[in-house]
Each structure stands twice: as C-alpha cells, then as structure tokens.
Amino acid sequence: MRSIRARLLVGLLVLVAVTSLIVGSITYRRVLGETSSLFDYELSQMALSLGDQASLMSGYALPVRPENSDFVIQIWDVFGNRISSPGLPFLDRAILGYSDLTVQNQRWRVFATVTRTSVVIQVAQPWSVREKLAREAALRVLLPLLLLLLLMAVVAAWIVTRALRPLKSITAQIEHRDIHSLSPLAANDLPAEVSPMVEELNRLLVRLAAAFESQRTFVADAAHELRSPLTALSLHLQLLERARDAPDRELATTRLRAAIDRAAHLVTQLLTLARHEPEATPEHQTHTALDSIARHAAGDVQSLAQQRRIQIQLEAPDAVLVQGDADALRILVRNLIDNAVRYSPEDSTVQVRVLHNPRGQPVLEVMDQGPGIASADRSRAFARFYRAPGAIEGGSGLGLAIVKAIAQRHGAQVDLSDAVPHGLRVLVRFPPS
Amino acid sequence: MRVLLVEDDRMIAEAVRTALGQDGHVTDWMADGSAALGALSLSRFDIVLLDLGLPRKDGLTVLRQLRERGDVTPVIIITARDDVRTRVSGLDSGADDYLVKPFDLDELAARMRAALRRSAGRGDPVIEHGEIRVNTVTREVHTAGNPVTLSAKEFAVLEALLLRPGAVLSRAQLEDRLYGFGDAVESNAIEVYIHALRRKLGSDAIRTQRGAGYFVPR
C-alpha cells in the first residue's frame with residue numbers, strides 16, 4: 001500500500017474495529033454474566049416467595065406454569081407428593097439450591113428450596129430463554145458502540161485528509177512547475193514532519209538552479225566563443241574562393257587550416273572542461289604517481305617547446321603519490337606546462353617541480369619566465385574564457401579553468417604568484433595521501 | 001579608401017585585411033581599444049570597423065569617446081554579440097551600422113560603401129561628375145560613356161577627390177587614404193597616380209592647386 005492516507009485510514013479503522021471487538025465481546029460477556037446472576041436471583045426470589053404462599057396455601061395445586069412466563073414451578077409436600085399439577089414433563093425430584101439440568105434436550109436452570117413447613121419448591125427456567133434475554137441486553141449495549149465505530153471511521157478519514165493537506169499543497173506547488181522555475185517552495189506553516197523534507201528539497205532546488213544557471217551561461221559563453229573561430233573559418237574560406245592565383249590560394253589554404261585547428265582546439269578544450277566539471281560523474285580515483293605524470297605531460301609539450309627553443313626542466317627526485325585519476329591529472333599538468341611554454345619568451349626555461357612540501361602535501365610547481373599575471377587579474381584568470389590582456393593568439397581561454405576544475409575534483413588547491421625574477425608561478429597543492 | 005580595423009582576433013583581422021586589400025582599400029589593424037583611439041587621433045580614416053569585445057578598452061567605450069571628441073568617421077560594429085540590447089546600445093553610441101559574426105565579406109563591403117555614401121550625404125552608389133561616371137559598388141569607371149580601367153590605388157585617389165568636388169586634398173591627405181601605418185610610401189607615388197588618372201580621364205579631370213594639392217573642378 002503506497003498511500004500514506006490509505007495506510008493511516010486502514011490502520012486507524014482496523015484499530016478502532018479491533019478495539020470495538022474487544023470492548024464489545026468483553027461487554028457481551030459481562031452482560032451475560034450479570035444477567036445470569038440477575039436471573040438466578042430472580043429464580044430464588046420466586047421460589048422463596050412461592051414458599052411463603054405455599055405454606056399458607058398448603059394442599060392447593062398451584063398454577064405451575066403461569067401464562068407468559070418461562071418458569072416452571074414444582075412443589076412437593078412434606079411426604080414427597082407432588083402437589084403441583086402433573087403431566088409436566090419434568091423432574092421427579094428436587095435438588096436443593098442451584099443446579100443445571102438437561103431434560104428432553106433442553107437445558108434448564110433450576111433452584112429448589114424447602115419452606116419452614118417442609119414443602120419443597122423448585123423453580124426452573126430454560127437456558128435458551130436466559131441466553132436470549134442476555135443477548136438482547138448485550139446488543140442493546142453494543143449497538144451504540146457500532147454506531148460510534150462508524151462515526152469514528154468518518155472522523156478518522158477527515159482527520160487524515162486534513163493532516164495530509166500540506167503534502168497536497170506541496171504536490172500542487174511542484175506540479176505547476178516546469179524545469180525553468182527552480183525557485184524554492186513556500187515552506188511556511190508546514191508540519192514538523194514535512195518541513196525538513198521541503199527544506200532539503202529547497203536546498204536541492206537552489207543547488208540545481210545554480211548548476212542549471214552555470215550550465216546555461218557555459219553554453220551561452222561557449223556558443224559565443226565558438227563564433228570567433230567560426231568567423232575566421234568562414235572568412236578564410238571566402239578568401240580561398242576569391243583567390244585568383246596559386247600563391248593566394250596557398251596562403252588562404254594555410255590560414256584556413258590554422259583556423260580549423262583553432263576551432264578544433266577550442267572544441268577539444270570545451271569537451272575536456274565539460275568532462276571535468278565538478279558536476280560530472282566522478283572518475284576512477286587510484287594511487288597515482290604525480291612525478292611520472294609530470295614526466296609524461298612534459299613529453300606531450302616537448303615539440304612545442306622545441307619550436308620555441310624552450311627548455312623544460314623537470315625536477316622530481318622522489319615518487320610523489322596522490323589519490324586521483326591519472327588521465328585528468330595529466331591534462332592538468334600538461335595545460336600548466338603548455339601555458340608556461342606558450343607565454344615564455346623564446347630561448348627561456350620552464351621549471352616543473354614535483355615534491356612534498358614541509359607539511360607533507362604533494363605539490364606541483366610550474367614556473368615560467370613570461371609576463372606573469374597581474375595580481376589584480378589572478379582571481380579572474382581561472383574563469384572560463386578569460387584571456388589576459390596581451391594573451392597568446394588562438395588560445396581557448398579555458399586552460400586554467402580546466403586546471404581548476406580538475407584540481408577541485410582532487411581536493412587540490414591552485415595558487416598563482418610571481419616567479420623570481422619574473423614570470424608566473426603556479427602551485428598546485430594536493431591533500432596528503 | 002583607408003580603413004581602421006579594430007579586432008582582437010588575429011585570424012579574423014588577417015582575413016578582413018586581405019579581403020579589403022583585394023578591393024583596393026588600405027587597412028590599419030589595431031588589436032585593442034586604447035591603440036584604436038590612439039590611431040584615430042593620429043590619422044584620418046574613411047571608415048572604422050570596430051569589434052566590441054576588446055582588451056584594454058571595450059569597443060563601446062572607444063566608440064563613445066570617439067564621438068565625444070567630435071569625430072564623425074563612419075563606424076561599423078562587427079561583433080559576435082547579437083542580442084538586441086547590445087545592438088541598440090551600439091547604434092545609440094554612434095555606430096553607423098552593425099554586423100554580426102560570422103559575416104560575409106561581400107556584405108561587409110556593401111555595408112562599408114553604404115555607410116560611406118550616407119556619411120557623404122549621398123544615397124546613390126554612382127558618382128557622376130561631368131563626363132566621369134564612377135560606380136562605387138562595381139568599381140566601374142566611364143568617361144563620356146567609354147569604360148576606363150583603373151588600378152586600385154588610382155581608383156582610391158579618384159574616389160577621394162570625387163567625394164567632395166572642389167575641395168583640395170593635399171598629397172599627405174591622399175597618402176593617408178592610400179597607405180596604412182608602416183606602409184612604405186614612395187615619395188612621388190601620388191604624382192604617378194594623378195598622372196595616370198589624367199592620362200585616362202583627360203588632363204582637365206584633375207587640377208593642381210599649386211602648393212596645396214589636387215581637386216576636381218566643380
């Protein structure tokens with residue numbers, strides 16, 4: 001049964017019914033017991049009063065079965081002769097006091113007494129009559145109880161419906177929403193049982209709205225950012241179409257290819273970022289050697305570094321283990337070294353160090369001899385599509401955003417500072433593993 | 001004509017520059033807003049192609065400051081921002097036209113011509129002056145009904161002079177229109193073009209104001 005309302009209703013009604021049944025049967029038994037002793041008393045009173053009369057009217061036959069009466073009366077004189085009218089299919093002898101007898105398949109309650117004149121009087125009443133009367137009495141008591149049960153069912157249904165009304169109103173509130181209305185639900189006047197749920201739901205909605213908004217701006221930004229490379233593509237294609245001679249065509253083709261490479265690079269970076277957003281599904285994290293990752297990443301950037309005659313100095317004396325995803329970490333390190341190489345002047349050195357700091361944290365440090373990032377711009381440098389004034393050509397503006405996203409997922413902290421004597425120093429500190 | 005292209009994307013700038021060069025225009029390229037304002041205060045341009053998302057100084061700021069100092073050079077905004085609000089504020093800040101990226105080079109050329117015509121107070125792309133008839137769209141030149149073939153630079157000189165008949169343009173002013181910053185200008189280049197134009201259009205087509213420059217008679 002999935003409905004709280006139905007569950008409550010059935011539960012309450014079963015409870016009421018069981019209670020009524022118990023109360024009813026106890027009452028019934030009580031009433032039966034009480035009527036029984038009442039009837040016994042009546043029986044004895046009748047016998048005793050007959051005894052008084054019998055002693056007065058000794059020798060008379062009494063009407064032993066008065067009309068409209070369920071009693072059978074038998075009287076014996078001192079000599080044991082029955083003086084009540086004969087022919088009654090009844091007992092030949094009397095047992096003094098109360099007794100139960102079965103005569104001709106009928107059970108009787110019998111009371112016999114001896115008067116002062118030694119007349120024996122016996123009064124009997126069939127059990128069926130007694131039981132019928134007792135049942136009637138008991139039902140008279142139980143009937144209001146049954147009516148009450150009905151009333152309780154109605155009231156219980158009303159109470160349950162009323163108690164569940166806040167749930168209904170919350171449902172209605174949620175029902176009228178589409179995916180764009182992520183504002184919190186009205187949480188005032190809610191019962192204590194429902195309000196924590198609604199509060200949690202509201203917190204989730206807030207987080208969801210933030211994530212939704214961030215995705216929306218991301219898509220808008222991405223679409224906007226894709227326009228520049230696409231414009232370049234379209235323009236260079238138009239130039240290729242216009243080209244009148246071979247050198248023109250060759251130049252246009254070269255530029256068109258560069259524009260395609262740039263668009264492809266941006267799309268790759270966008271995908272990388274999307275894959276490593278904090279909201280993305282967590283990757284498999286294992287013990288990973290940061291020093292060997294740095295070696296691989298430096299290798300990835302080597303050809304670009306050679307083009308620009310830049311030396312990548314890798315300093316990783318010891319094994320440095322971090323908890324993380326090797327592929328993601330390689331992207332992080334590669335992006336940092338790639339940035340450093342691109343921003344460094346030709347014939348310079350990029351330093352990469354992997355070690356444990358005095359606090360035992362695994363640390364990656366990348367230093368270049370480029371222009372650095374002004375301290376005012378450092379906080380913005382991690383924003384998506386941010387390009388520093390004088391940024392390199394054709395950059396996606398996503399490199400540091402990707403670094404930050406991956407770092408966040410590894411619980412690592414990224415700090416930018418000035419290198420000595422000049423340049424940018426990027427420090428990535430991982431939690432001790 | 002001389003064009004100032006303000007665009008922070010090198011690839012786009014290269015393409016526009018090449019295309020405008022093919023049409024015989026001279027393009028100076030500035031990659032940020034401050035440099036653009038600097039160039040505009042140093043030199044006179046026929047038209048400015050302005051991107052909005054610029055480093056150092058935003059395109060709209062450049063446009064406002066340009067208009068504040070009374071510069072009425074036609075400006076066409078070329079941007080990736082296509083929301084109505086930006087378009088409106090661009091036009092309200094003094095832009096003559098608005099082109100959204102990605103755009104077509106032919107459309108850019110047409111809009112540039114249209115902006116120039118409007119700024120010269122003409123609606124017609126064809127300039128007729130005496131026997132000379134110049135179509136600024138097709139770049140066809142006729143004199144007395146006969147077609148004349150002009151080089152891009154010759155056309156630029158003629159167009160500059162025909163835009164304001166009677167007004168004298170100095171050699172320096174003409175050089176300004178024909179060459180960008182850093183272009184090597186041969187000392188007698190303008191004389192060579194004037195000579196060629198006179199040969200093709202008749203010696204009276206362009207007059208010399210001694211010591212001042214050249215003009216086409218009214």
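Leaving aside its neighbours within four places in sequence, which residues is B:V6 in contact with? I looked this up first, taking two residues as in contact if their C-beta atoms, placed from the backbone, lie within 7 Å, and I found B:M30, B:A36, B:V48, B:L49, B:L50, B:D51, B:L54, B:G59 and B:V62.

A note on the source: this is a predicted model, in which local features need pLDDT of at least 70 and side-chain atom pairs count only at pLDDT 80 or more, while totals for chains, interfaces and linings use all residues. Residues are numbered from 1 along each chain as its sequence is written, and chains are lettered from A and ligands numbered from 1 in the order in which they are written.

**Cores.** I then turned to the nonpolar cores, each a set of buried Ala, Val, Leu, Ile, Met, Phe, Trp, Tyr and Cys residues joined through C-beta atoms within 7 Å; buried is defined as 20 or more other C-beta atoms within 10 Å of the residue's own, exposed as 12 or fewer, and partly exposed as in between, with C-beta atoms placed from the backbone. The largest core has 69 residues, and B:V6, B:L49 and B:V157 touch the most other members. A second, separate core of 47 residues includes A:A294, A:V320, A:L400 and A:V426.

Helices (H or I, at least four residues) and strands (E, at least two) are DSSP runs numbered from the N terminus, and I count two strands as paired if DSSP finds at least two bridges between them. Strand 6 (residues 126-129) and strand 7 of chain B pair in the antiparallel sense over four bridges, with B:I127 opposite B:V134. These strands form a hairpin with two residues between them, and B:G130 in the turn has a positive phi of about 60°. Strand 7 of chain B is also joined by four bridges to strand 8 (residues 140-143) of chain B, again antiparallel, and B:N135 stands opposite B:E140. This second hairpin has four residues between its strands, with B:R139 in the turn at a positive phi of about 60°.

**Interface.** Across the two chains, 18 residues of chain A are in contact with 17 residues of chain B. On the chain A side, the largest share, twelve residues, comes from helix 4 of chain A.

**Chain A overall.** I recorded eight helices and eleven strands in chain A, and buried residues make up 27% of its 433 residues.
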